[in-house]
Amino acid sequence: MKDRHFDALATRFAEKIYGGAKGAIRLAVLQADLAETLPERPLRVLDIGAGLGHMALWLAERGHQVTLAEPAAPMLEGARARFAEAGQQATFIQAPWQELLGQLTEPYDLVLCHAVLEWLAEPETILPVLHQLTRRDGLLSLAFYNRDALVYRNLLKGHFRKLRRDDMAGEKQSLTPQKPLDPRTLRVQLEDLWQVETESGVRVFHDYMPSEFQARAELPDLLEMELAHRRHPAFAGLGRYLHWLCRPR
Ligand SMILES: C[S@@+](CC[C@H](N)C(=O)[O-])C[C@H]1O[C@@H](n2cnc3c(N)ncnc32)[C@H](O)[C@@H]1O
């Protein structure tokens, strides 16, 4: 298995993920978590697997100095276009994470790694590199596709054979990630290097709503309720993605 660079998936990703409520909820949760944690001063930020640059642009618009690293040219081009349209500056690097330590020397105040781990062949191997790229007093913003949410959805749909086969990976060329992460395994893998400071669920109920209710719900209401329940002890762990803010040990 190889890392899945989004060369062929760029347009579908833009439409399917950021074209509707799913992307809006994702951005709202990530931004709310960061807004309550980041210091006031301008930060040096590195976004690894930056995709179309949605979060990097939001940070640039708040005065931070951002670098976007992304291996897939169509994604990076999309990000460049969005920055140009917004009149914002950034550094753009076309590279996978495996090449970053060779190119970047000074660690960053904030490193973003959002929805990337689940597309890697060996997700745990990026963790020490993220640590090296983050300043000792810096912050890692890690969001990953939550295997627990996938198990729960399959339970709700009665897909028991799939569960017995432990068959959770998406099809080739689909936007379902190839390696959903078990949060308990990831926590053990992080343990030596990072202290997880805050944890939120991204889409803790939206994706489980019956479609007729989903269609009827207004976006502002969805955003308000998702934000209000993102750290609820019973629901946070059901988020389609989990967002962890981590401090280096
Ligand atoms: C689901 S997208 C997430 C994009 C963005 N971080 C976001 O949250 O919108 C996953 C991204 O990871 C990138 N990716 C895949 N393998 C990678 C690698 N080895 N190093 C860095 N990025 C990688 C893909 O090209 C894709 O743009």
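Predicted model: local features only at pLDDT ≥ 70, side-chain atom pairs only at ≥ 80, totals over all residues.
## Helix α2 against helix α3

Helix α2 spans residues 21–37 and helix α3 spans residues 54–61; the two pack at an angle of about 40°, and their axes lie 11 Å apart. Angles under 35 degrees would count as roughly parallel and those from 65 to 115 as roughly perpendicular, so α2 is oblique to α3. The crossing of this pair is right-handed.

On the α2 side, the contact is made by Leu27, Leu30, Gln31, Leu34 and Ala35, while α3 contributes His54, Met55 and Trp58. By class, this contact of α2 with α3 comprises six nonpolar and two polar residues, with no charged residue.

## Helix α3 against helix α4

Helix α3 also packs with helix α4, which covers residues 73–86; here the angle is about 25° and the axes are 10 Å apart. Because angles under 35 degrees count as roughly parallel, α3 and α4 are described as roughly parallel to each other. Their crossing is right-handed.

The residues of α3 in this contact are His54, Ala56, Leu57, Ala60 and Glu61, and those of α4 are Arg82, Phe83 and Ala86. The contact of α3 with α4 divides into five nonpolar residues, one polar residue and two charged residues. His54 of α3 takes part both in the contact with α2 and in the contact with α4.

## Helix α2 against helix α11

A further partner of α2 is helix α11, formed by residues 219–229; the angle between α2 and α11 is about 40°, and their axes are 10 Å apart. This angle makes α2 oblique to α11. The crossing of α2 with α11 is right-handed.

From α2, the residues Ala21, Ala24, Ile25, Ala28, Val29 and Ala32 meet Leu219, Leu222, Leu223, Glu226 and Leu227 of α11. The contact of α2 with α11 consists of 10 nonpolar residues and one charged residue, with no polar residue.

## Surroundings of the ligand

The ligand is surrounded by 22 residues, of which Asp3, Tyr18, Gly49, Glu70 and His114 are the closest.

Tyr18 places a side-chain N or O atom 2.7 Å from an oxygen atom of the ligand. For Phe6, a backbone N or O atom is 2.8 Å from a ligand oxygen atom. The backbone is likewise the part involved at His114, where an N or O atom lies 2.8 Å from a nitrogen atom of the ligand.

## Leu163 in helix α8

Leu163 belongs to helix α8, which comprises residues 160–165. With residues up to four places away in sequence left out, Leu163 touches Val151, Asn154, Leu155 and Met168.

Leu163 can also be placed relative to Phe213: the two residues are 50 residues apart in sequence, and their C-alpha atoms are 27 Å apart in space.

Terms used: Residues numbered from 1 in each chain as written. Heavy atoms only, no water. Axes fitted to C-alpha atoms, helices over the stretch in contact; angles between N-to-C directions. Helix = DSSP H or I, 4+ residues; strand = E, 2+ residues; numbered from the N terminus. Parallel < 35°, antiparallel > 145°, perpendicular 65-115°, else oblique. Left-handed = near helix turned anticlockwise from the far one by under 90°. Contact = heavy atoms within 4.5 Å. Nonpolar A, V, L, I, M, F, W, Y, C, P; charged D, E, K, R; others polar. Near = heavy atom within 4 Å. Polar contact = N/O pair within 3.5 Å; in protein donor to acceptor, adjacent residues only side chain to side chain.
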